[in-house]
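Please view the sequence and the model first.

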Amino acid sequence: MTLYMKLGGREAVVRSMPRLQARLEQDPCFDVTMFRQEFEHSDDLTEFLIFLAGGAPFYDGKPVCELLSPICTCTDVYERFVDHLIVVFFAGSRNENDEAEFRGLMDALQPQVLDPRPVDPIMVYSVEQELISA
């Protein structure tokens with residue numbers, strides 16, 4: 001059984017987002033002004049977490065560094081963010097193995113969020129349709 005299924009599926013992840021937003025807004029370590037759009041206008045965070053937990057075969061939203069960097073500015077704040085995720089996802093069932101698995105997934109992402117490596121640009125060439133058919 002995947003972590004996604006243990007969490008309760010898509011509905012459980014979607015239902016946890018308002019609780020996560022409320023917790024982050026109440027925590028003085030977080031400035032959610034830049035991140036509020038992720039909760040109100042974008043499903044990227046929800047879709048990313050569903051993907052991360054094994055509920056979707058791919059994620060095509062914002063890159064994780066772009067998604068979480070505005071709110072997770074250092075290691076301590078990132079770990080606090082993960083703690084909030086753990087609380088909202090596992091509030092009803094405190095399964096230590098599932099929590100450890102989720103924390104491990106988030107720990108593996110930490111370098112990508114806090115210290116993203118630049119991606120070399122890719123040169124793309126475009127050819128006019130008339131030239132192709134000539």
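Leaving out residues up to four places away in sequence, Thr46 touches Val13, Val14 and Met17, where contact means heavy atoms within 4.5 Å. Thr46 lies in helix H4. Its relative accessibility is 9%, so Thr46 counts as buried; buried means under 20% relative accessible area, exposed over 50% and partly exposed in between, with a 1.4 Å probe and protein chains only.

The model is predicted: local features need pLDDT of at least 70, side-chain atom pairs count only at pLDDT 80 or more, and totals for chains, interfaces and linings use all residues. Residues are numbered from 1 along each chain as its sequence is written, and side-chain values use heavy atoms, without hydrogens and water.

The chain contains 8 helices and 0 strands; these are DSSP runs, with helices (H or I) of at least four residues and strands (E) of at least two, numbered from the N terminus.

The largest nonpolar core has 37 residues, of which Leu68, Phe89, Phe102 and Met106 touch the most other members. Such a core is a set of buried Ala, Val, Leu, Ile, Met, Phe, Trp, Tyr and Cys residues joined through side-chain atoms within 4.5 Å.

H6 gives the largest share, 9 residues. Beyond its neighbours within four places in sequence, Met106 contacts Leu52, Leu68, Tyr78, Phe81, Val82 and Leu85.

Of the chain's 134 residues, 37% count as buried.
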